[in-house]
Amino acid sequence: IGVPLNGLIYYFVLHLDATTVAFVILKQGINGIFNALLASIILSYIPLHRFLSCSQERRTVSLQESVFNLLVALILFPTLLLTSLQIRGEKRLIETTLETNLQMLSVNIQTHLNSWYRQNLFPLTELAQIAGNTAMSSPKDLQHVAEILRKSFPDFSSLHVENSAGITIACSPSVNKNGSTIGISLADREWFKEAKASHKIVLSDVFLGERLTLSPIATLCVPILDGKQFLGVATASLDLQRINGFLDPYAKDVGIKIFLTDSFSRVIASTAPERASMQIWDRKKNGVISPISSTMYRWSPDEKDLASMARWNRSYYVQETKIERDISWSLVIESSLAPYQKRLYALYVQNLTIMAVLAILALILAMALSRRVSKPLTKLAAVTTDLPDMVTARRPIDWPVSSIAEIDSLIGNCQSMTQLLERNFQVLEENSNVLAKTNEKLK
């Protein structure tokens with residue numbers, strides 16, 4: 001009843017897929033046969049009574065049982081060992097392949113991000129140089145350049161120039177739903193403060209735009225310098241949806257999710273619909289982390305009442321790296337183990353099905369062969385139990401026949417012994433008759 005009961009529980013109660021349920025049923029069935037065989041061998045051939053100081057009564061094991069156990073063990077044990085080695089090797093191969101793929105994917109995305117960064121930095125640098133050369137004396141010209149550059153580079157949701165006080169003197173678009181975007185102060189923004197203090201290019205964390213761009217954005221700004229004098233910044237508000245767009249092709253494989261996060265673990269872009277921009281997300285929280293390398297780990301849900309197979313099905317391999325060069329963001333790529341578990345379980349089911357068929361055939365074959373081997377001996381034992389009475393009564397004896405040489409020789413020896421007994425009984429009978437007649441004469 002265990003096989004159908006397991007199927008019902010795992011399918012209807014735990015809601016596992018058909019492949020996993022088939023794996024569980026076959027695994028439990030094979031385990032049952034293996035455990036029963038192992039218990040039979042231990043009870044039959046290991047003198048447990050000596051170790052447990054129990055009864056000294058000697059226990060005998062039938063030849064049929066011995067042959068049956070031996071034949072089943074010779075088929076089942078090597079098959080289990082080979083299957084275990086094959087599955088272990090396949091699991092290592094899957095893990096190695098998964099690690100390699102994540103590392104290669106991470107390198108490719110970082111290369112793409114660096115290229116994207118340089119591509120967008122170029123027009124912004126040009127705008128900063130134009131603003132520096134004109135000493136910011138002609139906002140009208142800067143506005144015209146900003147309009148052209150924003151239309152030429154669709155990754156910019158807005159493009160603007162601020163003076164040294166952080167006041168916008170040129171901006172494309174020049175108007176949003178709050179009104180004009182010219183003359184707005186951005187001096188309190190962290191990216192402006194950092195660019196003004198360091199005189200270096202700044203790529204900001206993600207934040208909610210409330211003045212020029214009214215949505216979650218990240219800004220890229222280039223300081224405008226005249227020698228060492230800070231004149232202002234040329235700034236672009238990056239369209240996060242465009243970043244999502246170029247991440248999507250890398251997540252075409254089933255189970256792959258890609259995230260860009262800032263220094264505060266806020267999502268910048270994501271291929272997972274459930275992870276929106278500016279959402280704080282850290283995969284290392286609320287789970288069990290198993291490090292694999294300096295940049296890779298395996299994440300598993302920390303739910304103690306969760307079945308081990310269900311826990312593995314909800315686990316992820318995670319590659320987390322800091323993007324080098326001037327991009328201060330983090331790239332997180334996670335790959336669900338569910339598709340690989342399904343592939344591994346399909347291999348399990350295939351091998352266990354073959355093993356189950358072999359086990360059933362082994363049971364049938366062992367039963368047939370053990371009966372064929374032991375039946376002549378069993379019959380010989382029954383015949384020879386009351387052999388003297390049968391010889392004395394001169395009843396016909398139905399001798400067994402065996403194709404096994406040793407058993408056939410034993411049966412022949414028993415027949416020879418019976419013939420000798422018959423002759424001896426005949427002599428004794430004749431001597432007894434002579435003795436009886438002599439006694440009559442003496443009387």
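The axes of helix 2 (residues 18-45) and helix 4 come within 10 Å and cross at roughly 135 degrees. Axes here are lines fitted to C-alpha atoms, for helices over the stretch in contact, with angles running from 0 to 180 degrees between N-to-C directions. Helix 2 and helix 4 are therefore oblique to each other, given that angles under 35 degrees count as roughly parallel, over 145 as roughly antiparallel, 65 to 115 as roughly perpendicular and the rest as oblique. Helices (H or I, at least four residues) and strands (E, at least two) are DSSP runs, numbered from the N terminus. The model is predicted: local features need pLDDT of at least 70 and side-chain atom pairs count only at pLDDT 80 or more, while totals for chains, interfaces and linings use all residues. Residues are numbered from 1 along each chain as its sequence is written, and side-chain values use heavy atoms, with hydrogens and water left out.

Helix 4 covers residues 63-133, and its 71 residues should span 105 Å at 1.5 Å a residue. The expected span is 1.5 Å times one less than the number of residues. The end C-alpha atoms of helix 4 are 104 Å apart, which agrees with that expectation. At Ala73, helix 4 bends by about 30 degrees; the bend is the angle between axes fitted to the seven residues ending at a residue and the seven starting there.

The next topic is charged pairs. Side chains of opposite charge can pair when their charged atoms come close. The structure holds four salt bridges, each a side-chain nitrogen of Lys or Arg within 4 Å of a carboxyl oxygen of Asp or Glu. One of them joins Arg242 to Asp155, with the closest N and O atoms 2.9 Å apart. This pair links distant parts of the chain, 87 residues apart: Arg242 is in helix 7 (residues 240-247), and Asp155 is in the loop between helix 5 (139-152) and strand 1 (156-163). Arg242 counts as partly exposed at 40% relative accessibility, whereas Asp155 counts as buried at 9%. Buried means under 20% relative accessible area, exposed over 50%, and partly exposed in between (1.4 Å probe, protein chains only).

Another salt bridge pairs Lys257 with Glu274, the closest N and O atoms being 3.0 Å apart. Lys257 lies in strand 9 (residues 256-261) and Glu274 in the loop between strand 10 (267-270) and strand 11 (287-291), so the pair ties together parts that are 17 residues apart in sequence. Lys257 is partly exposed at 23% relative accessibility, and Glu274 is partly exposed at 43%.

Arg266 and Asp262 also form a salt bridge, again with closest N and O atoms 3.0 Å apart. Arg266 is partly exposed, with a relative accessible area of 21%, but Asp262 is buried, at 3%.

Ser265 has a positive phi, near 65 degrees, in a residue other than glycine. Ser265 is placed in the loop between strand 9 and strand 10 and is partly exposed, with a relative accessible area of 25%. His199, also not a glycine, has a positive phi of about 60 degrees. His199 lies in the loop between helix 6 (190-198) and strand 5 (202-203), and its relative accessible area of 30% makes it partly exposed. Finally, the peptide bond from Ser172 to Pro173 is cis, with omega near 5 degrees. Pro173 is found in the loop between strand 2 (168-172) and strand 3 (175-176).
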